[in-house]
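Please work through the following exercises with the sequence and the model open beside you. Each task is followed by a solution that goes step by step.

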Amino acid sequence: MNWDLLIIQCLNGLQLGLLLFLLAAGLTLIFGIMDFINLSHGSFYMIGAYFCASITNLTGSLILGVVISLIGVLIVGALVEALLARRLYRNDHLDHVLVTLGLILCFDTAVHFFWGAEGMTIPLPPALDGQVNMGDIVIPTYRFVIIIAGLLVAGGLYLLVNKTHLGMLIRAGASNRVMVTALGINIDRLYMIVFAIGAAMAGFAGMLIAPITEASVGMGNEIIIIAFVVVIVGGIGSVKGAFYGALLIGLIDTLGRSYLDDFLKLSMPANYAETAAPALSAMMVYILMAAILAFRPRGLFPPATKS
Amino acid sequence: MTNKESILLSTNGLVKSFGGVKAVNDISLSVADNTIHAIIGPNGAGKTTLISLLSGDLTPDKGTISFAQKDITKESVEQRAKQGLARSFQITSIILPMTLLENVMLSARGRERHAYQFWKPASQNKDIEEQAITVLQQVGLWDQRYKPASDISHGEQRQLELAMALAMQPRLLLLDEPMAGMGHAESEKITGLLGTISQDKAILLIEHDMDAVFQLADTISVLVSGSVIASDEPANIRSDPQVQSAYLGGNSC
Amino acid sequence: MTGSQTNPPQEPDRDTQGKSWGKVSGSTTVYLGIIVLLGFAPPFLSLINEPFYLDLLSRMLILGIAALSLNLILGYGGMISMGHAAYLGIGAYCVGIPAYYEIYNGFVHLALAIVLSGIFAFLSGIISLRTKGVYFIMITLAFTQMLYFTFVSLEEYGGDDGLVIELRSEFPGLFDTENNTNLYYCIYLTLLGSLLLVHRLIQAPFGRVIIGSKHNEERMRSLGYNTYRYRLVCYVISGILCGIAGVFLGNFTSFISPEMMDWTHSGELIFMIVIGGVNSLFGPLIGSMLFIFFEEWLSGITVYWHFIFGLMLIALVLFGKGGINGLITALFGERR
C-alpha cells in the first residue's frame, strides 16, 4: 500500500467534499426553508467563477476579485429570489423544476454572450502557486487554500446558524415554516437573505475551483447534481447533514476512482477489474445514496419535523 | 356486548405519544359484531389518533390490536382494509377530480384482490357499478353521481366520505365524525342509515352529535386526555358523575 | 331503519352526464385531426419536395412517445421524474451496442430495450418510489446521472464520444428502415399504439388507482390499495415505453452518446408535457412538436437562442397554465 498516495487522495477527497458542501449548504437551506428546488443553483457557481476571473484579471488582485465577486453573486442571488423564486414558493415542485431549468438556459447563454465560448482562467498569486513538501509528499499550496477556506466557511456557517438570531430563524424555518410565519417575522426578507447567502456560497465554490479548472459555460451543471445527492444523503434542510454528506461523498468518489480497481482485483481477474472499475466508481456515489435512502428515506440527518 | 365470542376488534394497552405528549394512553377496548361502539370526549382527547392507530395510519408505541382473532398491530393500512376494516376521515378525504360514482367504485374495487386490470375501462364493470350505485342510493347521493366530487356541497362531501367507507363492504367501520358539517336533515338520515348498517356490521363511531350518539350506541366510551375514563351502556354513561363533570356537564350543546 | 333506500333508480339525466364516457369532444376532434394529418405527411412532403421536414416530424414523434410515457407517471400519477432521458439512452444503446457487434435484428434491439428499460425502471423505482416530493425528483435525477457516467466510462463503446450506428435496425421480411418514410411510419404506428395504450390504461381500473393515488394517497391506501406497488408497475410501464422511443431515437440519429441521457434532456421532456398540457392524452405529443419547432426556428435566428428559449419556458410557467391543451379546450370545447 502506498501511504503517500492515500494521503494525497484523501486531501483531494476533502477538497471535493468541501466544494460540494459550499454548494449543498445553500441548496439544503433553500430546500428546507422555502421548499424550493433550485436546479439553477449551479449557475451561481459558474457566475462566481466568471466574476472572479474578470475582476482578478482587471485589477490584478485575487483578493479584490473574490470580495467584489462575492458581493456580485449575493446581488444576483437576491435578484433571482425577488424577481422569480418568490413567486413560486407556493407552486408545486414541477414549476420550480421548469423555471429553474429555464433559468439555467438563460444564465448559460448570458455568460456565453458576455464572456464568449472560451473558458477563462484565474492566475494565482505566486504565494499560492507553490507547493508544500511534507516528507515525500508534494502538495500544491492552493489545495490547502481550498481546504482551509472551505473549513472556514463551514465554521462560519455553523456559528451563523447556531449562535445568531438569524440562525435561529433559519433553523426554525427549516423544521417548521408555519411557526416562523406565526412569529411575525418578515419572512420575505428572511427568504431573500437565505437565498442570497446560498448563492454566494455556491459562487465562492466556483471562485475556489476556477484557478484549477478555469471558468467555463455550464460548469455548474454537472457538479450540482452531486450536490443534490449530498443534500439528499444528508437530509433536506440540515446543514450538518450537508457537511457530513459532502465529506462522505467527496472522499468516496475520489478514493473509489483511485482504489476501486485494486480492490476489485482481489476478487476478479485483473482485466475484468480494469474494465469494471471505472464504471463502478462512477456509480459509487449513487449506489451509496440508494443504499442510504433504502434504509433512511429522509437522509442521514433529517431535521426534526412534526407532520 | 355480553357475548365474548362475537368480539371483532379489541385493543390492549395502546399507547401513542407525540413528542412526549401521550395522545393515546393505555387504551383497551373492544367492538363486538353488529354493534356500535361510540367514543366521545372533548377536542384533543385523542379520538382521531385512536382511529388512526386502528386503521394503521399510525403505529402504536405500545400495545396490540387484534381484529377477527388475529393480531394486526404490525399490518399496513391496505392490508387491514383488505381484511374488512374501513375508515372514514374527519377531514373529508375524497378524490376531488373524479365523479362521485368513480370515487365510490374505487372503494368498491379496493376490497378485491387487486386492480391490475390494464385494458377494460373501469366504468364498464357492471358488478362494481351496481354496488357503488346501491351505496350512493343509501347515502342519498345517487342523483348526483356523475358530478365531480369537487362540485358538491360540503355536507354532500361528508356523505360521500361515508359512502366510500360503506362501499368497501367492511366488517368494521371506523367513522371519524361522519356527521360533522352536515345539515340537520342529513344528519338524521345518516343516523338512520348507521342504525340499519349496524344490524350486520360493527361500527366504531366518533361523533360530537350527542343525540345521534345516544340514539345509536350500544356502548359508549369517554375519552379524556388520551385515557378512557368510562365505558358503559348509554344510560349509565349519561348518569355517570365523573363523565358529567369531565365532559357532558361543562358545555353540552 | 329509517328510509334509506328511497331513490328510484330511473329518472335523472343520463345524457348530460354520460358525455364523460361516450361522446368525442371538440378538442379531441382537433387532436385526432392532427394525428390523421401526420399520417399523410410523407406523401405530402415528397410532393412538395421537402424531405428535411420528414426528419423534423420523425424527431417530433419520437420525443412525443417519450413525453407521452413520462406523462403517464408525471401527469396522471403525480410522480415528477427528472430522469426519464435515461430510458431514451437505454433504448438507443440497445440499438448501438448490438450494432457494434453487427447484430442488426430490430426485434433483438426492441426486446433488449424492453427488458433492460424494464429492469432499470424496476430497480430504480423500488428505491425512488419509497420517497416523496423533492426527494423523488432528485433521486430519479441521480439515478439517470449514474447511468450517464456509467456509459461515459465504457471506453469500449466510445465512452464520452459515443458510437456511430452504421446500419439501422433490420426487420427482415417486414420493411426496410433505411428508407426514411418507412422509419417514419414505423414511428407513427408506434405512437398510435402508445396513445391507445395510455388511453386505455388510464380509463382502466389500474389507471383509476394511479390517478386516485396522485390526488389522495392516504385515502387510496385506506381503501385497500397498495399504492406503492401500483406506482411501481406504472413506473415500469412508463420506462419501457420510453425505452422503445429510445430505440427509434438511436435509429433516427444513427449516433448515440451518453449525452442523450443528460439531465437537461429529462427536463426538456417535462417541458414538452407542460407546453402541451399535463393531464391530457395528446398534450405531450403537441408539446413535443411545438418544442422542436421552436428549437429549430429559434436556433436558425441566433446562436443565443437558448436565452429566448429559457425565457419562454419561464413565461410558460408564470403565465401559461394549462398549456396548449388549456387553449384548445377553451377554443374547441370541454374535455372531461
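Angles between helices run from 0 to 180 degrees and are taken between N-to-C directions, with each axis being a line fitted to C-alpha atoms over the stretch in contact. The model in view is predicted.

**Exercise 1.** Describe how helix 4 and helix 12 of chain C pack, and decide whether they are roughly parallel or roughly perpendicular to each other.

*Solution.* Begin with the geometry: helix 4 of chain C, residues 51–76, and helix 12 of chain C, residues 263–276, have axes 9 Å apart and meet at an angle of about 80 degrees. Angles of 65 to 115 degrees count as roughly perpendicular, and therefore helix 4 and helix 12 of chain C are roughly perpendicular to each other. Next, look at the residues in contact, where helix 12 of chain C contributes C:Leu269, C:Ile270, C:Met272 and C:Ile273, while helix 4 of chain C contributes several residues, among them C:Leu63, C:Ala66 and C:Asn71. Sorted by class, the residues of this contact are nine nonpolar and two polar, with no charged residue.

**Exercise 2.** Carry out the analysis for helix 13 and helix 14 of chain C.

*Solution.* Helix 13 of chain C (residues 283–301) packs with helix 14 of chain C (residues 305–319) at an angle of about 140 degrees, and their axes lie 8 Å apart. Roughly antiparallel would require an angle over 145 degrees, so helix 13 and helix 14 of chain C are oblique to each other. The contact involves C:Phe294, C:Leu298, C:Ser299 and C:Ile301 on helix 13 of chain C, together with C:Trp305, C:Ile308 and C:Phe309 on helix 14 of chain C. Six of these residues are nonpolar, one is polar and none is charged.

**Exercise 3.** Find which helix of chain C gives the most residues to the side that touches chain A.

*Solution.* The contact takes 36 residues from chain C and 34 residues from chain A. On the side of chain C, helix 7 (133–153), helix 12 and helix 14 each supply at least two residues, and helix 7 of chain C gives the most, with 15 residues. By class, this side of chain C has 27 nonpolar, eight polar and one charged residues.

**Exercise 4.** Identify which strands stand at the edges of the six-stranded sheet in chain B.

*Solution.* The sheet is open, with mixed pairing, and its strands follow the order 7-8-9-4-10-11. Strand 7 (85–88) and strand 11 (227–232) of chain B each have a single partner strand, so they stand at the edges, with one side of each left without a neighbour in the sheet. From one strand to the next, the twist averages 15 degrees.

Definitions and conventions:
Residues numbered from 1 in each chain as written. Chains lettered and ligands numbered in written order. Predicted model: local features only at pLDDT ≥ 70, side-chain atom pairs only at ≥ 80, totals over all residues. Helix = DSSP H or I, 4+ residues; strand = E, 2+ residues; numbered from the N terminus. Parallel < 35°, antiparallel > 145°, perpendicular 65-115°, else oblique. Contact = placed C-beta atoms within 7 Å. Nonpolar A, V, L, I, M, F, W, Y, C, P; charged D, E, K, R; others polar. Pairing = 2+ DSSP bridges.
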